[in-house]
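Let's explore a structure together, one question at a time.

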Amino acid sequence: MIIAKDIVKTFKSGEKELSVLKGISFEVKSGEFLSITGRSGSGKSTLMYQLGLLDVPTSGKVIIDGKDVSDLSTDERTWVRLSDLGYIFQDYALIPELTALENVLIPLMMLGLTLKDAEAKAVKALERIGLGERLGNVPSQLSGGEQQRVSIARAIAHEPKIVFADEPTANLDSETSKVVLQNFIELNREGQTILMVTHEPEYAALTDRIITLSDGMIVSDTINKNKR
Amino acid sequence: MERRKKRFKNFLISLQVGWFLAFRQVKRSSVATTLLIIFVMTLTFLNLVVVRGVLVGLLQGSTDVYKSRFAGDIIITNLPKKNYIENSPSIIEIAGNLPWVDKLTYRYVEGASAEANYKTRIDFTEEPDTTAGSVVGINPALEDAATHISNTVVEGRYLTDNDAEGILIGANMLKKYLDIEAPGLTLLENVAIGDKVRLTIGENRKEFVVLGFLQSKVDQIDFRMFILDTTFRNLAGRGDYNVDEIALVLKEGADEQVVKEALMASGVGEYARVQTWFESLPKFLLDIQNTFGLLGNVVGSIGLVVASITIFIVIFVNAITRKKYIGILKGIGIDKTAIEFAYVLQAFFYASVGVLAGMVIVWGFLVPFVAAHPIKFPFSDGILVAEVPNTIVRAVLLIIATLIAGYIPARIVVKQNTLDAILGRK
């Protein structure tokens with residue numbers, strides 16, 4: 001599904017160069033629920049941005065479904081993000097003046113669906129994660145958990161090949177976090193590939209496979225046999 | 001071909017998504033902010049239209065009065081080097097019989113001097129109370145029907161056919177109305193309605209009773225004296241009935257050029273100069289009008305630049321405060337064209353609503369109000385000129401400037417790195 005080949009990411013700050021990712025390689029298989037974990041500053045979010053085409057690695061390749069996407073133009077990357085990938089951010093990243101329904105249907109419209117079809121698909125996605133009653137609410141009228149679930153609905157509505165979730169529970173209390181993670185588990189059961197960045201071992205324990213980063217390198221890549 | 005088709009389809013999708021975002025952004029933004037931006041756009045539009053409109057209207061008021069009170073639509077005057085229009089009676093007949101002519105008036109004009117207070121003058125070493133100018137012989141009924149000159153009477157009353165010894169004096173021949181000291185300019189002092197003045201045309205002199213004073217802010221009335229045509233003919237020895245001016249007022253919708261050509265074709269041009277009212281305008285008036293128009297355009301251009309900067313700042317502040325959301329939209333795959341469209345459409349909305357409000361204010365209130373209550377300038381009653389084509393051009397210019405000014409900041413913000421925008425990094 002997605003292959004990372006020797007990904008290096010360095011940031012320049014004046015004369016100094018800071019290596020955040022130091023040659024990372026791994027493969028995510030279709031239908032997998034994978035978590036990337038590690039301490040703060042270990043490079044897990046940076047890795048996710050490279051894989052999710054939100055950033056360009058200094059060197060290395062990202063291959064999605066057999067296609068090298070490392071050298072795509074900005075517009076082509078935008079199109080891949082729109083059609084093949086889904087994103088869930090730590091702070092929900094919803095557009096404040098759009099309702100839950102509108103937030104979800106915007107990428108669908110961009111994909112060329114008619115407003116009617118986009119609406120139907122967005123409603124379906126929101127109902128799937130249990131937000132069918134809050135379609136007309138703008139983000140400020142929703143709780144943190146509900147906002148994150150709208151964000152999940154937006155990420156999955158167009159049936160992407162892979163969903164990237166960057167610390168999706170960081171701003172939520174433990175009860176709400178469990179609901180959100182339950183959503184992930186259910187989606188994964190239905191076949192959705194998910195790559196989640198988390199620093200909480202408890203949440204990483206819910207995934208099929210755990211990759212641990214330290215100082216920009218993979219220190220462990222384990223299949224979670226004790227998946228809860 | 002296929003590629004172009006796909007690109008066009010993507011463009012349409014971007015437009016649709018841009019519209020979707022813009023509509024909701026405006027709909028759910030603060031009403032006060034939206035109203036404030038529209039108010040600024042309205043003021044900018046008014047600045048563009050009204051400043052020029054007043055400058056041009058200042059002269060337009062003057063030329064309008066020149067036309068309505070003096071020249072009519074067509075003015076026939078004596079040829080250069082001729083003292084009067086030869087063959088006047090037949091020209092008046094030809095002009096009066098033209099199907100387009102609604103009203104006609106003719107005038108006899110001669111240089112004259114008027115003297116007041118001559119009966120009470122004791123010290124003959126002092127200058128007499130005199131003034132020099134033109135005296136005009138008119139048929140009061142015809143003149144008033146054509147030019148409504150009686151409306152310019154500011155004191156006393158208008159002439160009637162029975163006022164063989166009555167005279168009307170233009171305000172600029174009287175010290176009380178034109179209180180200026182200029183070399184060579186002598187004005188009548190201490191003249192009141194009912195007083196007697198002595199009029200001298202050539203060798204002939206006659207005493208008249210002052211019936212009224214006229215003030216129109218047009219020199220052709222304010223610097224002239226008016227008496228009955230019958231009296232004039234006797235006093236000036238114009239037994240041939242040859243006049244100096246014939247003013248024609250045309251029927252509604254009649255074309256001045258057509259009438260002028262008809263008159264020329266009838267041979268009037270051999271004896272007189274035939275001009276439309278506009279052609280007869282004094283050159284300095286046209287020069288000032290053009291200069292004011294130019295000034296108006298300069299001020300308008302500055303207004304346009306100010307409007308562009310205003311909308312640039314509004315859209316830039318709006319886009320920069322929403323940088324994170326722009327980043328998110330780009331991050332989830334929304335095309336940059338769609339996001340730029342959203343901001344351009346918002347700029348278009350602010351500009352077009354502002355312009356529409358401005359048009360309603362200009363045509364619904366300002367133009368009729370100023371027409372009913374002209375701005376009293378010393379030399380004219382200024383109106384507000386806002387011709388439809390000119391105003392539309394300014395509206396379109398403002399909207400185009402706004403679209404460009406809306407697009408540039410949107411482009412600047414949209415071009416920023418997606419991830420930096422999402423993460424709030426500088």
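Helices (H or I, at least four residues) and strands (E, at least two) are DSSP runs, numbered from the N terminus. This is a predicted model, where local features need pLDDT of at least 70, side-chain atom pairs count only at pLDDT 80 or more, and totals for chains, interfaces and linings use all residues. Residues are numbered from 1 along each chain as its sequence is written, while chains are lettered from A and ligands numbered from 1 in the order in which they are written.

Q: Which helix of chain A has the highest confidence?
A: Confidence here is pLDDT, the predictor's score for each residue from 0 to 100. Chain A averages 91, and 99% of the residues score at least 70. The lowest mean in chain A is 88, in helix 6 (residues 174-189), and the highest is 95, in helix 3 (residues 100-110) of chain A.

Q: What is the radius of gyration of chain B?
A: The radius of gyration is taken over C-alpha atoms, and the globule rule is 2.2 Å times the number of residues to the power 0.38. Along its principal axes, the C-alpha trace of chain B spans about 100 × 55 × 30 Å. A compact globule of 426 residues would come out near 22 Å, but chain B has 32 Å.

Q: Which element gives the largest share of the side of chain B that touches chain A?
A: Two residues are in contact if their C-beta atoms, placed from the backbone, lie within 7 Å. The contact takes 21 residues from chain B and 19 residues from chain A. On the chain B side, helix 1 (2-27), helix 9 (323-331) and helix 12 (418-423) each give two or more residues. The largest share, six residues, comes from helix 1 of chain B.

Q: What do the buried residues of helix 1 of chain B pack against?
A: A residue is buried if 20 or more other C-beta atoms lie within 10 Å of its own, exposed if 12 or fewer, and partly exposed in between, with C-beta atoms placed from the backbone. In helix 1 of chain B, the buried residues include Val17(B), Phe20(B) and Leu21(B). They pack against helix 3 of chain A together with helix 10 of chain B.

Q: Why is Asp215(A) called partly exposed?
A: Asp215(A) is in the loop between strand 9 (209-214) and strand 10 (217-223) of chain A. Asp215(A) counts as partly exposed because its number of other C-beta atoms within 10 Å is 14.

Q: How far does helix 8 of chain B reach from its first C-alpha to its last?
A: The expected span of a helix is 1.5 Å times one less than its number of residues. Helix 8 (residues 283-321) of chain B has 39 residues, and the expected value is 57 Å. Close to that, helix 8 of chain B reaches 56 Å.

Q: What covers the buried residues of helix 8 of chain B?
A: Among these buried residues are Gly300(B), Leu304(B) and Phe312(B). Their cover includes helix 2 (31-71), helix 9, helix 10 (336-372) and helix 11 (388-415) of chain B.
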